[in-house]
Amino acid sequence: MSQLTARNLSLAYENNIIIENLSVDIPDGKITALVGPNGCGKSTLLRGLSRLLKAQSGGAVLDGQDIWKLPTKALAKRLGILPQGPVAPEGLTVHELVAQGRYPHQSWFQQWSREDERITREALEITGVLEFADRPVDTLSGGQRQRAWIAMTLAQDSEYILLDEPTTFLDMAYQIEVLDLLHDLNLERGKIIVMVLHDLNHACRYADHLVAMCGGRIVAQGDPMQVVTEEMVQEVFGMECRIMPDPVTGTPMVVPLGRSAKLARQLDLVNECHVRVLASA
Amino acid sequence: MTAHAAKTASSNTTRILGSRALLLPGLLLCLVLLVLCLLWSITLGAADISPETVYTALFNFDSTSFQHLIIQTVRLPRVLSGVIVGASLAVAGAIMQGLTRNPLADSGILGINSGAAFAVVLAVFIMGDPPLSVYAVFGLIGAAVGAGLVFTIGSMGRGGATPLKLTLAGIILTSFISSFTTAILISDQETLDKIRFWTAGSLSGREMSLLAQTAPLMIAGLVGAVIISRQVTTISLGDDIARGLGQNTGWVKIVAAVVVVLLAGGAVSLAGPIGFVGLVVPHVVRFIVGVDYRWVVPYSAIFGGILVTVADVLARVIIRPQELPVGVMMAIIGAPFFIWLARWKVKR
Amino acid sequence: MTAHDPSKPSWITLRAQRPPFSYRIDRRVPLVALAIIAFTLVVLVLSISFGEYDISPLEVVRTILNVNQDHPDYANYALVVHTFRLPRIVLAFLVGAALATSGAIMQGVTRNPLADPFLLGVSAGAGLTAVAVIVWFKTLPVSVLPWAAFGGAIIASILIYVLAWKQGSSTPIRLILIGVALQAGIAAITTVMLLFGDIQAVQQAYVWLTGSVYGRNWEHVQALGGWLLIFMPVALLSARSLNVLGLGDETAKGLGMRVEPQRILLLLISAALAAGAVAVSGTIGFVGLVAPHVTRRLVGPSHEGLLPVSALFGGALVVLSDLIGRWVISPSELPVGIVTAMIGAPYFLFLLVRSRHG
């Protein structure tokens, strides 16, 4: 049983329906990755789960309560969301940015408690941005910047952290750095993480639970070890591939065939024949 | 601001005249419409004149007829002034919007109107009561100096003349120059009295000689605009893309700036500052013909002509026998339209 | 700055146990604020001492402190200082403070560094009604003018907000576009009045439109002062919402902010502050634009410190501009609004030329 679920959820932008009548459970204590091709509705679903987008019908439910009926700050204390590609105002320091995460815990007159101070510092330490705390966010590298934003969401002190494509536009090394950080947050701090990911291999590696979407529907969900199959990738992404175990983690690794790969395989066969012929000769 | 510009530019790819084959007939149709507006405008005035008389006055002039004289010496120059001013302002606005990729750009923004206004106010302050032709000379000089200042300051510093910097330099210099204009106006009542109608933008009392003096500038500007229209299309996609396509963006910008000064400077020296034409017309035109400036420029010219002609007719009839300056009329028409545009088009 | 340990917070927290209260400001705020206050006091004394009837700065201070009653010219001094010059200068300070705070809020809400308090139609609305009173309804008593201006300002800003409203929100971009358009439209109507009005009144209207504190008295100070006492605290307490809004609407929603009501509240505060200032002084430009910019460089972008320091800076700027306006072509004087534009515009152009981003 899970606490965060969507029940018969329909989402639309203006009159353009993206998701219709979708139900999904976000399992407790795990990292959930939403994957699918562009325009499949994965980001839309994330927005629907976090109240950034109002449902046409149905709704998202947290602990049996419709999230739209909860007071905004009460929801924010339980569920934080990091939108895609957020931009900090020029000159805002990392420390100031992370401090903004305390917003739902403050009131008009109690604007900065000692607890706010402590948790902000903790968030800076955990995400490893303490050493840049004094620098403006706009002067950081992509990976550092993304960690600073995650620190802000962490300072929100919510059990759920939702992230929309947290690794997009980052260099490979930074992508792994960010995903490792999220993994640690899940493992050590018990944060329930729901994220939209572009890269299926990253999703297989870091997610405990995978939700694969296509055309606004859920095609498959479950442990990546079970659900990531060649047929599933074909259905969701319309792409031929081979699945093999990741040499490092043993999780499924998707290797696209593409045209050049087919060609290479044929060449391999030809070579193999040659070798055999030569060997038999 | 620039992000928004990119957004509108990309959303402008949908257009009403979907097929290219319709573009030329459409243009001719609009031209006919413009001519009809002109004739209609000539018939209206202190005394209404029948269309037949207008026709004979134009093509079979009788110097003894009072009505013919009025048409030839008063109404025709006024109407022609309106057309060329409208065409110039609209085309200047279209080019500026393409160049700065700022959907809010118009000739008011490059310091042209405020420069012209300051120069004219200064001329009246010093000379007392100069004829309209002196207004025109000073207006043109002021416009050129204003635009030159904006362009120079906008190109200084790192990165050269970026759209945002040009826009900002224009807005700030405009208010800077205007503060000097105001300083003169509040210290000298006579100047204020003489100049207040001019600063609102007006076509009244424009004679053929004044038109002959300023029209060549605007015609040269219109020709220039047609010539560089293809380059403006490229540059409106972004500096990097334009450079990637092998365009010398620096030169195009300078030529375009000269064209804009000729057009808007000529217009302001003839009619005083008139707003909204340069802002509104290119938006409408892009909605009809798309983002190819080879079509945007001619369509803008004709639509601008129609718009100012109609506004001038309204300005003359709405509080007869008095008349409103056409600049005020333009703002009264243009503001609601622009509000509607912002509500309807800006999704974010 | 460089000597600062990056892991230590760069702010100071003001706390009270009872009633429970805490407020966080950048640690540069107190020093900068003190410097501006000291500067303002010096300019204030100079400004009072300067004029047709010269009073030495020392006697100005003594008159204000009321310790020179034995001076032979005391009666004159007291009259000039207390009745003519001091109220005008105090009013200049309050007007500057109100405009600067309003501008800082505007820029925060629209996330646009070029927004100023008049973006919301305050100047256009006030201009229309004020010019109507000056040019058309000349028989009305002078005391009607501030109220008319105030009403016009508030109505126009509400109108812009309503027109920008669509599908449950009014985005910053729509606000800006509609603000620009509506103001041009209103300005056209104002122009009609200026065109056909009696030239004497029109000139007076021009001065009002430029903004001036000439001849203002303690009644004006009391009115605006009281107004600021209501709205400044509300603005300061809302400052942290501006910080969160600055991260974008979506992030703000994620942090549990009800973005649209908050934005309305902030815009209302901003409009109210600017309308109060405009009502007593006419439309003084550039203060609301420049003061927040300079202040941001001095104390950083967090609004808890930015708003109060902007207010001080704006006040100082208008007091200084008023002195310059009285001095530069004395014995006649320039309206303060012209001076703020002449100071503000070059500063902005300088920023523009130096900017890294372009």
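User: In this predicted model, which chains share the most contacts among the two pairs of chains in contact?

Analyst: Chains B and C do. Their contact draws 41 residues from chain B and 40 residues from chain C.

User: What makes up the side of chain B that touches chain C?

Analyst: Three helices of chain B, α7 (163–187), α8 (189–199) and α14 (326–345), each supply at least two residues. α7(B) gives the most, with twelve residues. By residue class, the side of chain B that touches chain C holds 26 nonpolar, nine polar and six charged residues.

User: How do you know whether chain A and chain B are joined or apart?

Analyst: A contact requires C-beta atoms, placed from the backbone, within 7 Å. No contact joins chain A and chain B, and their closest C-alpha atoms lie 10 Å apart.

User: What makes the span of helix α12 of chain C agree with its number of residues?

Analyst: The expected span is 1.5 Å times one less than the number of residues. For the 13 residues of α12(C), residues 287–299, that should come to 18 Å, and the end C-alpha atoms are 18 Å apart, so the two agree.

User: Why is α12(C) called mostly covered?

Analyst: A residue is buried if 20 or more other C-beta atoms lie within 10 Å of its own. Eleven of the 13 residues of α12(C) are buried, so the helix is described as mostly covered. Among them are C:Leu289, C:Val290, C:Pro292, C:His293 and C:Arg296. The cover includes β2 (21–26), α1 (29–49), α3 (74–110), α11 (259–281), α13 (303–328) and α14 (336–354) of chain C.

User: Which residue follows α12(C), and what is its phi?

Analyst: C:Gly300 follows the helix, with a positive phi near 85°.

User: How do you know where in chain B confidence is lowest and highest among the elements?

Analyst: The mean pLDDT is lowest for helix α1 of chain B (residues 2–11), at 39, and highest for helix α13 of chain B (residues 293–317), at 93. Residues 1–13 of chain B have pLDDT below 50, although this stretch has 20 contacts beyond near neighbours in sequence in the model. Where pLDDT is low, the predicted coordinates should not be read in detail. Chain B as a whole averages 85, and 93% of its residues score at least 70.

User: What makes up the secondary structure of chain A, and how much of the chain is buried?

Analyst: Chain A has ten helices and twelve strands. Of its 281 residues, 45% are buried. Its C-alpha trace spans about 90 × 45 × 35 Å along the principal axes.

Technical notes
Residues are numbered from 1 along each chain as its sequence is written. Chains are lettered from A and ligands numbered from 1 in the order in which they are written. This is a predicted model: local features need pLDDT of at least 70, side-chain atom pairs count only at pLDDT 80 or more; totals for chains, interfaces and linings use all residues. Helices (H or I, at least four residues) and strands (E, at least two) are DSSP runs, numbered from the N terminus. Ala, Val, Leu, Ile, Met, Phe, Trp, Tyr, Cys and Pro count as nonpolar, Asp, Glu, Lys and Arg as charged, and the others, Gly among them, as polar. A residue is buried if 20 or more other C-beta atoms lie within 10 Å of its own, exposed if 12 or fewer, and partly exposed in between; C-beta atoms are placed from the backbone. pLDDT is the predictor's confidence in each residue, from 0 to 100.
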